[in-house]
Amino acid sequence: MRSTGSLGRRMIGVAAAWILMLLVGGGVALDRVISQAITTNFDDGIEYLLVAMIRASDVGPDGRVRLLEPLGEQRFVEPYSGLYWQINGTGQEPLTSRSLWDRSLELGPPHSDEDVHVRDSPEFEGEPLRIAERDVMLPNSPIIWRFQVAQKREQLDNQLQLVRKTIVRSFAILALGLIILAALQTIYGLWPLRRIRAGIAALRQGDRTLLNESMPVEVRPMVEELGELIAHNERQAEEARRHAGNLAHALKTPLTVIMNAATARAEDLPELVVRESATMRRQVDHHLARARAVGRRGQTQLRADAWASIEAVERAVGRLYPECRFDADGPRDIIVRIERQDLDEILGNLMENAAKYGGGSVFVTVSQADGAVIFLIEDDGSGIAEKDRQRLFDRGARLDTGKPGTGLGLAIVRDVAEIYGGSVSLEESEDLGGLAVRLILPAAL
């Protein structure tokens, strides 16, 4: 049997894929949230300094901007400290913090409002900046002044890098732990299947005959069905051995008679061979019919159309007895749980007997009730006394020896019907006055 891979590895792989997908998505979302919070906090710091610088600014009599009081931040007076401010006005020299020393901040794109705008700037080599700027009109000045506060991004970038490194490490450990947990869960969950495999191996080796361990509720139905299948196969094997033994025993006596007659060179050897050969043929037909029905009995998908079988048998028997009239009645949608060939053989035996021993009229009625299909085959013959009806089911039993036959028809019908869980009985026909055979078989669901 071709393997499609490991079920356990497939389950672990699917779980690992989902875990990684969810953790990656969650990590990216968490990184964005935390990074945004850190960046916002960083921007709030430089915006606070920008607002303080605007409040401390004024325009002197010469029209130039000035700070009324120094900003309370030591880094503004330390050269290249990483924290800078600058004020620009149209046609005016820029006013800069001492920390800029001999440098100045570039002006960003023009703004049409007075809101604070924050941007990144790579204008200082090796020192990326985060700049907050705002355009303001000061009292007593027609000029629009641009106030800028810049701080290098090193502290912000270090915080973001630390957060991302922590997220990656934490989520990697979490993913590894979850995958290991999924693997342990899969191994533990599939462990009953290993026990089932070991039990089946023990059955195959003959160390045990049943699968009777306690199993989880999800696996127990499969184990029960497997046990039923094994028991069914055992029953079929036992029935096959019994049929083989019965057939061998049934053929032994005719063969012994033929061998003894041949050894003694009996004068009636040809007649004896013909008679005993007919006996062996009857036995072979009987046991083959039983074996075939037993082999098909366990198939739950067996379905046979009752009406189609009746019509097919009616056409076949009608060719043998063209003077006989056949009639049938009943629903045309009844389905029987039996192999079509076996149903044809059963109905063929019963309808042929009705045509052979009846008075020329055969009536077949089919109906369904309580999960069973009922066939009633009636003829207008002389009927059979009640005391002789049960004896007709014996092998080779015949009441009318004037007509050809083997005497195994009703015996085969009874055996095959019982194998499928049905029954057959003989009654008196109320409408035609002859014999009525009632055949009951299970209906298909």
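Colleague: Which side chain meets that of arginine 153 in a salt bridge?

Modeller: This is a predicted model, in which local features need pLDDT of at least 70 and side-chain atom pairs count only at pLDDT 80 or more, whereas totals for chains, interfaces and linings use all residues. Residues are numbered from 1 along each chain as its sequence is written, and side-chain values use heavy atoms, leaving out hydrogens and water. A salt bridge needs a side-chain nitrogen of Lys or Arg within 4 Å of a carboxyl oxygen of Asp or Glu. At 2.9 Å, N to O, the partner of arginine 153 is aspartate 120.

Colleague: How many residues apart are arginine 153 and aspartate 120?

Modeller: Arginine 153 sits in the loop between β7 (144-152) and α2, while aspartate 120 belongs to strand β5; helices (H or I, at least four residues) and strands (E, at least two) are DSSP runs, numbered from the N terminus. The pair links distant parts of the chain, its residues being 33 apart.

Colleague: Is arginine 153 buried or exposed?

Modeller: Buried means under 20% relative accessible area and exposed over 50%, with partly exposed in between (1.4 Å probe, protein chains only). Aspartate 120, at 43%, is partly exposed. Because its relative accessible area is 14%, arginine 153 is buried.

Colleague: What distance does helix α2 reach from its first C-alpha to its last?

Modeller: Helix α2 (residues 154-205) has 52 residues, and its expected span is 76 Å, taken as 1.5 Å times one less than the number of residues. Close to that value, helix α2 reaches 74 Å.
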